[in-house]
Structure formats: C-alpha cells, structure tokens
Amino acid sequence: MHHLRVWLRAQWTAIRNARRRHRQLSPYVYVPVVGPVEEIQPEATPPARLLRRFGLLAPASPNSVLELERALEQIAHDPRVRGAVLRLECNASAATFQSLRSAIQRLRANSKRVIAYATTFSPFQYYVACACDQIIMPPTGVWNVIGIASEYVFLKEALEQIGVRAEVVSVSPFKSAGDVFTRSDFSEASRAQAEWLLEARYAELVRGIAEGRKLAEDAVRSLIDRAPLSAREAQAAGLIDALAYEDEIESLLEAEPSTTQPARARWFRRWLTRVDRQQQSARRLMPLEQARKALMLRPQTFGWRGIGVVHVNGVIVPSSAPLPISRGIVSAQAVIRALRAAERNPAVAAIVMVVNSNGGEALASDLIAHEVARVNRRKPIVAYLGSVAASGGYYIAAPARYIIAQSLTITGSIGVLAVRFNLEGALQRLGVRQVVLKRGANADLLNSAAPLNEAQRAIIERQVTTAYEDFKRLVLTHRPITEEAFERIGGGRVWTGAQALTHGLVDALGDFKRALEQARSLAHLPPDSPVYDVTWSTAETVLPGPAALQGWLAQLQRSWAWCLLPWQEQPLQ
C-alpha cells in the first residue's frame, strides 16, 4: 500500500510538471525579501492552503526564512532557471539573518547565480547580501553599514517620581532582568554580558563581510568606521559590484536564454520558435508570484511518517485562559497539548520544538520541560533555538534529545528572579489609604501597598532559591555538564549560541533545516520525509472581558519566581 501511494504521488507530480514545463519561465526569478522576517511561521490554515492550491488566493510572500527556503529550493532544482535576484529590505534578528544567509548559500551550491539589490544597505542586510554573487544598488543609494548599537532603558528614577519602588530578589548579579526597575545604569556583571553579546554580533558581521567580499577583517572594520558611504564610494571600495536602478537590473543580467527549453510537440515547435526567442530575449527576470506557476515541483518519494513541528513563541505563562495580548505570549497548557498531540499522532516519528522565548514564569516553564522529557522518551525531540531561547526558553529546551542553535542565538540565562512592586508611595500621593485584615502571618505577602519585611523577604528568597535549584538540577540531568562547570556558566549568565556550544548547553550550530535533518536521523526517516505543523493554538480573536483579565492578573501575582532574559531582543536591519 505504501509503495502504491508513493507511485501515485510520483505520477501526479509528473503530470503537474508536464504542464509547468510548457509555461513560460524567465532565466532569473525576482524574489522580494521585505519587511519583518521571522525564521519560521506556523503553517497557513487548511482553507487557506486549499484556496492557494486552486489559485483562488495569492501565494504567501516569503516573509519567513522557511517560505523563502521553499521558493529557493524550487529555483535550485529547475534547470530552466539560471538564478535569482533578491530585493533585500527586511528587518530580523541576528540569528534569522544567519539563516537567510545559509539559504542563499545553499542556492549557490546548486550552481545558481544570486544577485542582491537594495536602495540602502544596513549592517545585517549587507551581511546577507555578501553571500550573493553580485551586489547592486542605485547610484544615489547609501552604504549604511555603520556598525551595531544596543540601547537599554532603566526606569528606577521614573518609577520614583510616581511613588513606585521595585523589590527584586535574584540568584546572582548576572540575573539582571530586575535591574531595569531598580538601577539607573548597568551593574558591572550585567554590562559585561551585554558587551560580550554585542561584540559577538559585530565580530560575525565583520567576518561575513570579509568572507563575502574577499577583504581583510581590519579593512572591513575601517570601512565600517568610515560609513555611511555613497554608492559610488562603496563601489570604489569593492563593496558594491554595480550601480543601477531597479528597472535597469534586467539589462545587467546575462543575455543567454535558459539552459533547457520547454518540450513541445514537433508539429508546432517550429512555429513557436521565433516567438519564444523574442520572449526570452525580452524577459530575463520574472516575479516570484508569476514564476511559482511554472517552476518545476520536486518528485516526492517519502512515506507518510514525518516530523512534527511545535512552536513556542513568546513569554511563557501558566494558564490557557484568554490573555490581554495574545501576540508574544504562550500558554504552558497550549504547548503541552501540542506535544501530546504530536505524541499520539502515528504520522509523527520525531518532533522539532522551535523555541523563540525570553522565558517566563518558572512553574509554567517547568511544566513544559517535564512534558518534553516525558515525550522525548517515546519520540525523539530536537529543540531548535531561534533568535532568543533564554532563561525559561532554555529551561523547556534542556530535556530535548538534541539542541541546535545559530551562533548568534541568545540563550542561557539559567537563573530565577522575583519582582514585586511596592505602590505605597503612589497610593499616598493619590490619597488612597488601604486597611488590611488578615489571618495567617503571611496572608498579606502579596499586598503591594506596603514594603516587604525581613521575614517576607526571606520567604521569597527561599522560593527563588528552590526554583533555581530545580532549574540547575534539570540542566545537570539532561546536559553533559558537571556541577563544577555549571557554576561558571549558570547564575543567570547570558550566552550566544557559539558560546553555548563551547559550554555544552547546545549540541550543534545550524538553522531550522539542520534541525529537521537531525530529527530525521534520530527517527531513521528518509531525507525528504514530510513535515507537519502540530502547534495547538489557543489565541483568542477578541480581548478578554474584565473577569478573565482580573483572573489572569491574579494568577501572575501569585507567581513567585520568573525565568526571564534581562532585556528584550530588538530586530536588526
């Protein structure tokens, strides 16, 4: 039965390719990579996929690396196409830019020519462009590779002006997520880790430019210090290959027609030869939306068993109740349901869990980590750490059988903290007087209208220490790290993916494609086995009512310990 399905699928692909082979296709495909770009986005809903299949809905633009990768794979395996022109006007995280660069390098490895175009090149856009064969910008463009800067905001003095004081308990000075509320500047430990993360990005930027443009790294640093440069200055320095406006790119492309001409019946082939030659000479560049209908499909020989993908995007919170802001927040129960759905599905032989999270509530992270460890005993789980997978984000990834990250992924931050806001001063300024009646010595522990006393602070410190010991025990159980080595890399320290590999926190560096390859290897699946999206969505389309919001806030207030990254990762250009 399996062989029959494979044969039928192959015949259907052959029929579709026979139709596509007769459609006009230019030697080069124009691919816009614009706007915010993410590494991976959850699959479209089944109705949307059905409408796109029948041409009733426009294909999704490649606003994720995964979508771009699929388009580039079609270009790579179509012998009629010589290459692609990429318009780079996007913003993304440093790790996502690395994945974009890897996708381009794979296309070039298939003997395709890749050309990058932009009106203005910012640092990491140019980093991606340096993976291409040729870089073009208009004569009036600007080479704006001026380096990298990170901005940090501290709110202590602003909170004091409104009578609010933050009380923070953390495991070490490196666990500095609370510093934004309690300090006016970096602590020595927090500045040190912010500096080494910034240096890692800058070093990779310089390395990528030097490698792509065949320049010495010192020369690249010198050019960056001179930036911004005009397009002509950049061309004179060997940073740009040609100056042209977007509508002039087609005239710069090689004039030869595509290597393989569409097959036609003899009786009308001669009649169309002249028309074909005119069209080929007139059109050397075709938009991706139009080319999709003519690009050849790859024969699919895989069976029905494949890889299930579970997404964890956002701050991890305890419940599945409706949230005031659904984007950027993920429920522990939703992730657990997705893992269990993948575990029950006989078509899923292995799981890739994609983690993009600054962390979240310690208990919620622990619940997911427990489920990852349990499911991993039945089906292999590969954790792919995206742009950021730190603190609670690393907590849930640690029990996976294999962990992959990009060299510029932000991870680690193994630590716990508690933050409590004392509103006593603000209430006094507003003339609000609060009276508390209680039974139990610590019944008013959550009361934000008074500061913590020594006994209450000791209770919170004990809770934070216990949560940290649980986090530490989890890492020591599932990662090849000794307790002595852990003391040098834990305590809230933040690492890049490359540093994490050195410390044993991850197993390999690579992109999402590398994670899929590892999952297939662990499950003994063929290289082209299918990929299923099994994410269980609990997002609400409307804002919750007052009762739901009040319940959610009360639940967060009861959370003693949080595993959070010290800062929010901002997209780069």
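**Exercise 1. An aromatic pair**

Task: Determine whether Tyr384 and Phe512 are buried or exposed, and classify the geometry of their rings in this predicted model.

Solution. 
Step 1. Tyr384 and Phe512 are both buried.
Step 2. A pair of aromatic rings is described by the distance of the centres and the angle of the planes.
Step 3. The ring centres of Tyr384 and Phe512 are 6.1 Å apart, and the ring planes stand at 65 degrees.
Step 4. Planes over 60 degrees apart count as edge-to-face, so the pair of Tyr384 and Phe512 is edge-to-face.
Step 5. Tyr384 belongs to strand S16 (residues 381–390) and Phe512 to helix H21 (residues 512–523); the pair thus links distant parts of the chain, 128 residues apart.

**Exercise 2. A second aromatic pair**

Task: Describe how the rings of Tyr468 and Phe486 are arranged, and state which helices hold them.

Solution. 
Step 1. The centres of the two rings, Tyr468 and Phe486, lie 6.3 Å apart, with 40 degrees between the planes.
Step 2. This aromatic pair is tilted.
Step 3. Tyr468 is in helix H18 and Phe486 in helix H19, 18 residues apart, and the pair links distant parts of the chain.
Step 4. Tyr468 and Phe486 are buried.
Step 5. The count of aromatic pairs comes to eleven. Ring pairs also link Phe97, Phe124 and Tyr127 into a cluster.

**Exercise 3. Salt bridges**

Task: How many salt bridges does the structure hold? Examine the bridges of Glu69 with Arg106, Arg207 with Glu211 and Glu487 with Lys472.

Solution. 
Step 1. The structure holds 24 salt bridges.
Step 2. The side chains of Glu69 and Arg106 form a salt bridge with an N to O distance of 2.8 Å. Glu69 lies in helix H3 (residues 65–76) and Arg106 in helix H4 (residues 94–109), so this pair ties together parts that are 37 residues apart in sequence.
Step 3. Glu69 has a relative accessible area of 10% and is buried, whereas Arg106, with 25%, is partly exposed.
Step 4. In the salt bridge of Arg207 with Glu211, the closest N and O atoms are 3.2 Å apart. Both residues, Arg207 and Glu211, lie in helix H8 (residues 188–213), four residues apart, which is about one turn of the helix.
Step 5. Arg207 is partly exposed, with a relative accessible area of 30%; Glu211 is also partly exposed, with 41%.
Step 6. Glu487 and Lys472 form a salt bridge whose closest N and O atoms are 2.8 Å apart. Here Glu487 is in helix H19 (residues 483–489) and Lys472 in helix H18 (residues 454–478), 15 residues apart, and the pair links distant parts of the chain.
Step 7. Glu487 is partly exposed, with a relative accessible area of 43%. Lys472 counts as buried, at 8% relative accessibility.

**Exercise 4. Backbone details**

Task: Locate the cis peptide bond between Ala227 and Pro228, and describe the phi angles of Ser111 and His524.

Solution. 
Step 1. The cis peptide bond joining Ala227 and Pro228 has an omega of about 5 degrees. Pro228 is in the loop between helix H9 (217–226) and strand S8 (229–230).
Step 2. Ser111, a residue other than glycine, has a positive phi near 65 degrees. Ser111 is in the loop between H4 and strand S3 (113–117), and at 66% relative accessibility it counts as exposed.
Step 3. His524 likewise has a positive phi, near 60 degrees, and is a residue other than glycine. His524 lies in the loop between H21 and strand S22 (531–533). With a relative accessible area of 72%, His524 is exposed.

Notes:
Residues numbered from 1 in each chain as written. Predicted model: local features only at pLDDT ≥ 70, side-chain atom pairs only at ≥ 80, totals over all residues. Heavy atoms only, no water. Salt bridge = Lys/Arg side-chain N within 4 Å of Asp/Glu carboxyl O. Helix = DSSP H or I, 4+ residues; strand = E, 2+ residues; numbered from the N terminus. Buried < 20%, exposed > 50% of the residue type's maximum accessible area, 1.4 Å probe, protein only. Phe/Tyr/Trp six-rings, centres within 6.5 Å; stacked < 30°, edge-to-face > 60°.
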